[in-house]
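Visitor: I would like a short tour of this structure. Can we take it in questions and answers?

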Amino acid sequence: MKKTEKNEKQKETLIKVLKYMKPYRWLVVLTILMAAVSVALTLYLPVLTGNAVDWLTSLISPAEGAGSPWPALFAILRKMAVVVVLTALAQWLMGICNNKIVYSMIQDIREKVFRRIQELPLKYLDGHSQGDIVSRVVADVDQFADGLLIGFTQLFTGVVTIIGTLFFMLSVNVGITVVVVVITPVSLFVASFIAKKTFSMFKLQSETRGEQTNLINEMIGNQKVVQAFNREDETLETFDEINGRLEKYSLRAIFFSSITNPSTRFVNSLVYMGVGLTGALAAISGRLTVGQLTCLLSYANQYTKPFNEISGVVTELQGALACAARIFELIEEEPQTADAADARVLTDAKGAIDLNHVAFSYTPDKKLIEDLNLQVEPGQRIAIVGPTGCGKTTLINLLMRFYDVNEGSISVDGTDIRDITRKSLRTSFGMVLQDTWLKRGTIRENITVGRPDATDEEIIAAAKASHADSFIRRLPDGYDTVIGEDGGSLSGGQKQLLCITRVMLSLPPMLILDEATSSIDTRTEQKIQKAFATMMEGRTSFIVAHRLSTIQNADVILVMKDGHIIEQGNHEELLAKGGFYAKLYNSQFAIA
Amino acid sequence: MKKLLVYLKDYKKESILGPLFKLLEASFELIVPLVVASMIDVGIAQGDKGYVGRMCLIMAALGLIGLVCSITAQYFAAKAAVGFATRLRHGVFEHIQKLSFSQLDREGTATLITRITSDINQVQSGVNLALRLFLRSPFIVFGAMIMAFTVDVKAALIFVVVIPVLSVIVFGIMLVSIPLYKKVQSGLDRVLGTTRENLTGVRVIRAFGQEPTEISKFDGENDALKKIQTTAGRISALMNPLTYVVINAGLIALIYTGALQVDAGVLSKGEVVALINYMSQILVELVKLANLIITMTKAVACGNRIEAVLGMPAGLKEYTAEELEASAGVSTGDAQTGHSGKSTGQTGLSEENAGSKEEETGSVVFDHVGLRYYEGGEEALTDITFKARKGDTIGIIGGTGSGKSSLVNLIPRFYDVTSGSVRVDGRDVRSYDTVTLRDKIGVVMQKAVLFQGTIRDNLKWGNESATDEEIYEALRTAQAEEIVRQKKDGLDEMIEQEGRNLSGGQKQRLSIARALVKKPEILILDDSASALDYATDAALRKALKEMPGDTTVFIVSQRASSLMHADTIIVLDDGKAVGMGTHEELLKNCSVYQEIYYSQFEKKAGQGE
């Protein structure tokens, strides 16, 4: 039952793989053709060798009245030369085709996966570990390619070889062929017996390996903390414990799987011996020439080899299919609902935002935002404060439509945001988050993310406004300094300044500043505040901040707690009210 | 790659026996063609069925011995390869643990992780295969040639020509393809990097509508990867056809020469068959060798990457007493004149002779400290001098990138000073064994990191033998008790990897508690209350103050409120100490501090004046 299910799934995956192969079907046909040609020619060669050996007989005991035997030999040798060159050519073409097919296919698959990642809802991306997704794009695709290339070539040539050899052997001698066919299943049986035994060992090995990788990720990833607490020895101890287990399991898995080859080879040598015995006996009784015997012996060798390989190939292909299944899983993941065909493109938004009975939660069993109502006039500054986990960031997720509301609606300038194209909605907001994100590339590239066409003057003006200009100039190559992944050696504050510059440059009609200055010192922050103030002029802005000093000037301060707005008003009003906000505000000045 | 072989040394026996048994097996394989030859020449020619039967039994026996030898060889090879990889992994892991912070900054942990995982796996398969085939295949190739010589010298000369040609082809292709595979690896790294970057920045990318740019960037890298993969593949694809042609050219020559020799009566028919068999044995071995070479190429490339990690100098530089004196001595000369400009060091800190040996336990002294992260880079810290007495609370405040973290990172010697010296308990930190030094110090880093395991496991990081009572005490001080109390399993609550099931503030408080469990002489809080709201922050400071014992506390913060009650506040600006003193003193005469303070306390300050 379970097994058929698994088979079904493998079949499905296989069909999908074939779909990806479709654009290259002519190459596939060509490579199959070339494989057939090269196998046929390879198999023909022993016949010619056999002929040459038999020719030796005629040399030793020349037939009556025959002329010089040599021209006949030359004819055979010429034929051999042609066969060899053609075989090599076919092999080469086949290799080239396979390369092309596999690498093009994985390129297509990678592109497809990456495109799908761009369309996946954040719910999926937030809910899955990055490492897992990355490993699907890189490691799985790679292993799939390897498996496919090896599997594809070997399986096909293997099958063709078996069929071809049988055919040629039959044409030479039926009796001996029967001997070979009878012994072969033994080899298959041995191989599959061992494969079954080793499967559980391989599973144990890969589980332990996963455990170890987890530990490595955690400890090496946070090496600084490990060292700060002098935990190197303990960590190494834990590592060694897993390492020891891995050694044990790996040894078993590798050793038992590696006896497949010698065992089947032994069976082969039995086949070889069988052919030798029956062949020699037949030769003695004159039913077989010595040339035919050599020919059969070399077939016996060639015939059993694919069987040894096929058992390995099947594992390889199964592995490749497992990888493919993981990749397809990602590709087939439900993308975010597409923008409606008649969705509005939001341009020059005025910034009237209306939240109407909004309810939202990440998981059904844990309610977060319930019945949230808010009307924002164009150009208003809205500050959101509240303890950790109160739903501030969630609100932003909803405004940007990273997540869709469960109930109620959010509208911008009177249009429900679900009726606006995502792109135009999001680019209408300028967003600076606490978690800074910079990409590999130059400072300039990072600043112009929102406006790739910006001139140097504009870039510098924006950087000056955000007070990033002075530190950028001090970098080795100024604006063309290349920074590494995630900002490389820049400090947290510098990274945040760059993110602010990015928004200053693109100046969208609405702003979201989520702890935008949390890593920047208060002095610089104060200077930036002025620039922020100019920027926010006439722009609807949402500001989330810990430092209450940065939000005192907001038109409306929302105090959130547990997904609800518990207080609402401007600074003075809220202070006068003496509620949660007043308590929060006064705690800043509490004396330790 | 060579250096890695050290890790095989515990497996000398296996590494020798493995290939040896493989050779034994190969020798028996080499006898088979001779058996077949005599079967033809004696058995068939004379019609002796008994002889044929005996020869077949010999072949079966050879096969059986081969099987035993081969399995033995596989066992030794697997044992050596797996043992090698295990020790190597241990070695690399241990080495990474010893890397200094600057090295970790430079390398990035991501590549280190790939190297210890997938790279070592590749090397393991490489070693395993090498032990099995590396000797065997050449042995068969040359063995077949030698056997050919025993059959007929003239015909064997063909082998002498064919084998070098084959070697040139095989090694030539290998030489060309190794660098290509390296490029493939770095192409993969780039694709991986972009994917990861894209996932981390998904919100920003979508906010700016940058998906198309990202896609085209990825496509570019993906295409480059494919091109290089195809090129590498194309070159490897030459291997099989070329060797096939050469071998068979040899075969044709062999048949012709064989015919001439048979004609001259030197060779028998069976012997020609034997020669042909030897030639085919070479072909079979070459196919194996080609696979081996591909695996080995990858393994060597991976091996080199691992070796690069092992090649990074481990740990911090060891200093001799003279060196320490010399580096400290340089700065003593202009000790007190250095930066007196804005400094208001009237608290007695810099007045005392910083070099005095009477410094007590828990004291920290910075003596004209300068720090540069990179050779030739700008100084992150310039000429910092101060002294913290046991039990003092030192506040460090300053702008973004002013060097606050750099300063405190020098105390547990996470980085080495480039000039001057840092002394803890009167001893230069460089003269300590780092374990002893770091045992004295509890550090709470900017980024709160917790590990998979129970809360108790995590908190015990500071002190393995801490009792639950001690743990709760630390939790109370860190304002983290309620976090644990709220959990169903209390201290036994599992923390997921990277502390995913905790909020930022909870992680921060727990990591403070972890440092407190250690009961350190020196406690460093590196902006570690940033995710806490003001009320919690205030409560935390109060609790720290009330802690028993004279812990020297360093508080790094951007909030003046977090450290205005410190005994001494050091104001940093662009790596220089521009002010030092108590809150009141600095408010009077440090303009930078005034700016910071007033930017955070506008109203109150206004009322005060």
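This is a predicted model: local features need pLDDT of at least 70, side-chain atom pairs count only at pLDDT 80 or more; totals for chains, interfaces and linings use all residues.

Visitor: How many helices and strands does the secondary structure of chain A come to?
Guide: Chain A has 592 residues, and 47% of them count as buried. Among its contacts between residues at least 6 apart in sequence, 79% join residues at least 24 apart. Its secondary structure comes to 19 helices and twelve strands.

Visitor: What percentage of the residues in chain B is buried?
Guide: Chain B comes to 21 helices and twelve strands. Residues 24 or more positions apart account for 78% of its contacts with a separation of 6 or more. Of the 609 residues in chain B, the buried ones make up 52%.

Visitor: Which helix of chain A gives the most to the side that touches chain B?
Guide: The contact joins 123 residues of chain A to 126 residues of chain B. On the side of chain A, 23 residues come from one helix, residues 70–119. That helix is H3 of chain A.

Visitor: How does the side of chain A that touches chain B divide by class?
Guide: Charged residues number 20 there, and polar ones 42. The nonpolar residues come to 61.

Visitor: Are H6(B) and H9(B) roughly parallel or roughly antiparallel?
Guide: H6 of chain B covers residues 153–200, and H9 of chain B covers residues 269–311. Their axes are 10 Å apart, at an angle of about 20 degrees. Angles under 35 degrees count as roughly parallel. H6(B) and H9(B) are therefore roughly parallel.

Visitor: Is the crossing of H6(B) and H9(B) left-handed or right-handed?
Guide: B:Leu166, B:Val170 and B:Met174 are among the H6(B) residues that meet H9(B), where B:Leu286 and B:Leu289 are among the partners. H6(B) passes H9(B) in a crossing that is right-handed. The contact has 13 nonpolar, three polar and two charged residues. So much for the classes; the handedness asked for is right-handed.

Visitor: Are H14(A) and H16(A) roughly perpendicular or oblique to each other?
Guide: H14 of chain A, residues 456–465, and H16 of chain A, residues 492–506, have axes that come within 8 Å. They cross at roughly 125 degrees. The roughly perpendicular range runs from 65 to 115. H14(A) and H16(A) are therefore oblique.

Visitor: Which residues of H16(A) make the contact with H14(A)?
Guide: From H14(A) come A:Glu458, A:Ile459, A:Ala462, A:Ala463 and A:Ala465. From H16(A) come A:Thr501, A:Met504 and A:Leu505.

Visitor: Is A:His571 exposed or partly exposed?
Guide: A:His571 lies in helix H18 of chain A, residues 571–577. Beyond four places in sequence, A:His571 touches A:Gln552 and A:Ile557. A:His571 has 17, so A:His571 is partly exposed.

Technical notes:
Residues are numbered from 1 along each chain as its sequence is written. Chains are lettered from A and ligands numbered from 1 in the order in which they are written. Axes are lines fitted to C-alpha atoms, for helices over the stretch in contact, and angles run from 0 to 180 degrees between N-to-C directions. Helices (H or I, at least four residues) and strands (E, at least two) are DSSP runs, numbered from the N terminus. Angles under 35 degrees count as roughly parallel, over 145 as roughly antiparallel, 65 to 115 as roughly perpendicular and the rest as oblique. A crossing is left-handed if the near helix is turned anticlockwise from the far one by less than a right angle, and right-handed if clockwise. Two residues are in contact if their C-beta atoms, placed from the backbone, lie within 7 Å. Ala, Val, Leu, Ile, Met, Phe, Trp, Tyr, Cys and Pro count as nonpolar, Asp, Glu, Lys and Arg as charged, and the others, Gly among them, as polar. A residue is buried if 20 or more other C-beta atoms lie within 10 Å of its own, exposed if 12 or fewer, and partly exposed in between; C-beta atoms are placed from the backbone.
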